[in-house]
Amino acid sequence: MTILLLTVAVSACIPAEIREGERLYMHHCSTCHGPGGWGTELGPPLHPERRGEIIQQVRNPRGRMPPLPPSALSDEELRKIANYLIYLHYELSGHGH
């Protein structure tokens, strides 16, 4: 029970935009780029410190990844995904909470 309450308390601290970015990332990106954006055999890592480059990489990818048109994910949705990845990597590096 304590673990459940701690999880709820931590997720309540996460801004809604970050949670939306996570939802979008898990739905559209994680299959190829992995759950944390570190890359897989199917897709390269997404570098979270470079928000604009993530959008550029998605629209004009290098390698085998096909371009993702704005009709699939808007630039605003990609910005939310980038913010989620930056937040995630910031938290994992020990700089968060």
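Here is a short tour of the chain shown above, from its overall fold down to single residues.

This is a predicted model, in which local features need pLDDT of at least 70, side-chain atom pairs count only at pLDDT 80 or more, and totals for chains, interfaces and linings use all residues. Residues are numbered from 1 along each chain as its sequence is written, and side-chain values use heavy atoms, with hydrogens and water left out. The chain's secondary structure comes to five helices and zero strands; here helices (H or I, at least four residues) and strands (E, at least two) are DSSP runs, numbered from the N terminus.

**Overall picture**

- Along the sequence, the pattern reads α-α-α-α-α.
- Of the 97 residues in the chain, 30% are buried; buried means under 20% relative accessible area, exposed means over 50%, and partly exposed lies in between (1.4 Å probe, protein chains only).
- The chain has an accessible surface of about 6,500 Å², and carbon and sulfur atoms hold 62% of that surface; such areas come from the Shrake-Rupley method with a 1.4 Å probe, and for residues only the protein chains shown count as cover.
- Among contacts (heavy atoms within 4.5 Å) with a separation of 6 or more, 45% are between residues 24 or more positions apart.

**The nonpolar core**

- As general background, nonpolar side chains tend to be buried together in soluble globular proteins.
- In this model, the largest nonpolar core has 17 residues; a core is a set of buried Ala, Val, Leu, Ile, Met, Phe, Trp, Tyr and Cys residues joined through side-chain atoms within 4.5 Å.
- Tyr25, Leu78, Ile81, Tyr84 and Leu85 have the most contacts inside this core.
- At least two residues of this core come from each of α2, α4 (51-59) and α5, and α5 gives the most, with seven residues.
- Tyrosine 84 touches Ile18, Gly21, Glu22, Tyr25 and Pro35, when residues up to four places away in sequence are not counted.

**One side of helix α4**

- Which residues are buried in α4? They are Ile54, Ile55, Val58 and Arg59.
- These residues cover an arc of only 125° around the axis, so they sit on the same side of α4; the arc is that of the directions from the helix axis to the C-beta atoms.

**Salt bridges**

- How many salt bridges does the structure hold? There are four, a salt bridge being a side-chain nitrogen of Lys or Arg within 4 Å of a carboxyl oxygen of Asp or Glu.
- Glutamate 17 pairs with arginine 79, and their closest N and O atoms are 2.7 Å apart.
- Glutamate 76 and arginine 79 both lie in helix α5, three residues apart, about one turn of the helix.
- Through shared partners, salt bridges join Glu17, Glu76 and Arg79 into one network.
- Within helix α2, glutamate 20 and arginine 23 are three residues apart, and their side chains meet in a salt bridge (2.8 Å, N to O).
- Glutamate 20 is partly exposed at 25%, as is arginine 23 at 46% relative accessibility.

**Histidine 33**

- A polar atom of the histidine 33 side chain lies 2.6 Å from the backbone oxygen of proline 44.
- Leaving aside neighbours within four places in sequence, histidine 33 is in contact with several residues, including Tyr25, Trp38, Leu46 and Met65.

**Proline 67**

- Proline 67 is found in the loop between α4 and α5, and at 54% relative accessibility proline 67 counts as exposed.
- Not counting residues up to four places away in sequence, proline 67 touches Val58, Arg59 and Pro61.
- Proline 67 and glutamine 56 are 11 residues apart in sequence and 9.6 Å apart in space, C-alpha to C-alpha.

Conventions. Polar contact = N/O pair within 3.5 Å; in protein donor to acceptor, adjacent residues only side chain to side chain.
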